[in-house]
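Trainee: I have a structure open and would like to learn how to read its features. Where shall we start?

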Amino acid sequence: MKPTDNLMPVDQALSAMLQLTPLAEAVELVALSDAAGRVLAEDIQSSCDVPPADNSSMDGYALRLADAGAPLPVSQRVAAGQAPGLLTQGTCARIFTGAEIPPGADVVVMQEAVSFTAFDDLLVPEDLKPGENIRRAGQDICRGATILRAGMRLDYRHLGLLASVGIAELPVFRKVRVAILSTGDELVQPGVALQPGQIYNSNRFLLQGFLESQGAEVVSFEQVGDTFAATLSALRRAADQADLVLSTGGVSVGEEDHIKPAVEALGELAIWRLAMKPGKPVAFARLGQSVFIGLPGNPVSTFVGAQVFVKPVLARLAGEAERKPTWLTGLASFSAATKIRQEYLRVQAIWQDDQWQLSAYPNQNSGVLTSAIWANALAVLPPESKVAPGDMVRFFLYADQATPKPDSN
């Protein structure tokens, strides 16, 4: 048997995961002030025009274009928030930005473009056009128009738009509930003095922060000992309370790795060994109503697995509309060669000279978590491929900007 015979390609694995992941169903009504980061469950239509009435785009004077050839006395003053009166023929109205246009007026002249007679009557330029400096009712949004579609994850822009049409509360999908399991007797929590053979549990906090940044709710965390019974019991508890169960470590085939047999005792293991680096042992299963993803224990493997698998699975569980990953291409400044697995290199992507420039972290070991801080992107190298400086490489960004490399001195 060749070493690739039991390794599933990454794209095939992700496709299978998404097919086995249920769509969000539970909906709740939330106040607009609490809706940031939530996923919209229904299309939203506007119940009003925006703006609701014709209004002035600047400080000036509103008048009938037909009256522009003669001096015009000022018959009323209209500020924003005031209801204007009917504009008397042969007069003008002093008006301010955002104020409603008086009925009868069809043009606004900016205040810097006018002059006055000795009797304080208004003189206006001759080159006026109908509708000039007037923002029409419904110019932005018309009553009945669909302004947001179901499946959108809401941010501050959406909240502003919803407020502009008077939406006070809206239907969203319930947050995805996630349980985190950390396997390994060697793990201890930060703040505890390390004993020989122990390491700090970084994956718990990496995953918790990542999940919360994606709008999920972490409902439980459990440290799991290296026994089959402990693993089985922890999986049961997690599956009973969470939509998604995430574990780190214990997914290989060593004597202390119990995730695979425990998952198989509770459900059907659909995915296990993948043709990827880092992160070859990635487990995926359905445990009753829950989805299970088991990631390797090495910190970078956990980090890459979160980006490649957890993020799209979470999006589906949350009810987000399907989104294609944003793939970019950049000019490599490094050399690399892959074997039987698709590799994910931590790289700095910088826009320079009208293109993306990519530099790779010198140590791509899966235990070097500082590389994920230094980098801001993952370059994806297909199996059996080579990269030389000057080649174009496909990548995706996971952070807004790169961090300067720490001083090696």
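Mentor: Strand β4 (residues 60-63) and strand β6 (residues 92-95) pair in the antiparallel sense, over four bridges. Two strands pair if DSSP finds at least two bridges between them. Helices (H or I, at least four residues) and strands (E, at least two) are DSSP runs, numbered from the N terminus.

Trainee: Which residue is the bridge partner of G60 in β6?

Mentor: I95 is the partner of G60. Before we go on, note that this is a predicted model: local features need pLDDT of at least 70, side-chain atom pairs count only at pLDDT 80 or more, and totals for chains, interfaces and linings use all residues. Residues are numbered from 1 along each chain as its sequence is written, and side-chain values use heavy atoms, with hydrogens and water left out.

Trainee: What is the strand order in the open sheet of four strands?

Mentor: Read it as β5-β6-β4-β7, with mixed pairing. β5 (74-78) and β7 (107-110) are the edge strands, and each pairs on one side only. From one strand to the next, the twist averages 30°. For such angles, axes are lines fitted to C-alpha atoms, for helices over the stretch in contact, and angles run from 0 to 180 degrees between N-to-C directions.

Trainee: In what order do the six strands of the other open sheet come?

Mentor: The order is β16-β13-β17-β21-β20-β18, and the pairing is mixed. Its edge strands are β16 (217-224) and β18 (268-273), each pairing on one side only. Here the twist averages 15° from one strand to the next.

Trainee: How many bridges join β17 to β21?

Mentor: Five bridges join β17 (residues 244-248) to β21 (residues 290-295), and the two strands run parallel. Look at T248: L295 in β21 stands opposite.

Trainee: Which strands does helix α4 touch?

Mentor: Contact means heavy atoms within 4.5 Å. Helix α4 (residues 228-241) packs on the sheet and touches β13 (177-183), β16, β17, β20 (281-287) and β21. Its direction makes about 170° with that of β16. Helix α5 (residues 259-266) packs on the sheet too, touching β13, β17, β18, β20 and β21. The direction of α5 makes about 155° with that of β18.

Trainee: Now side chains. How many salt bridges are there?

Mentor: Here is the general idea. Side chains of opposite charge can pair when their charged atoms come close. The rule for a salt bridge is a side-chain nitrogen of Lys or Arg within 4 Å of a carboxyl oxygen of Asp or Glu. By this rule the count is nine. In one of them, R136 meets D54 at 2.8 Å, N to O. That pair links distant parts of the chain, 82 residues apart.

Trainee: What separates E320 and R153 along the sequence?

Mentor: These two side chains form a salt bridge at 3.1 Å, N to O. E320 lies in the loop between α6 (299-318) and β22 (328-332), and R153 in the loop between β11 and α2 (156-164), so the pair ties together parts 167 residues apart in sequence. E320 counts as buried because its relative accessibility is 10%. R153, at 23%, counts as partly exposed.

Trainee: Which residues are linked in a network of salt bridges?

Mentor: R174, R177 and D243 are linked that way.

Notes
Buried means under 20% relative accessible area, exposed over 50%, partly exposed in between (1.4 Å probe, protein chains only).
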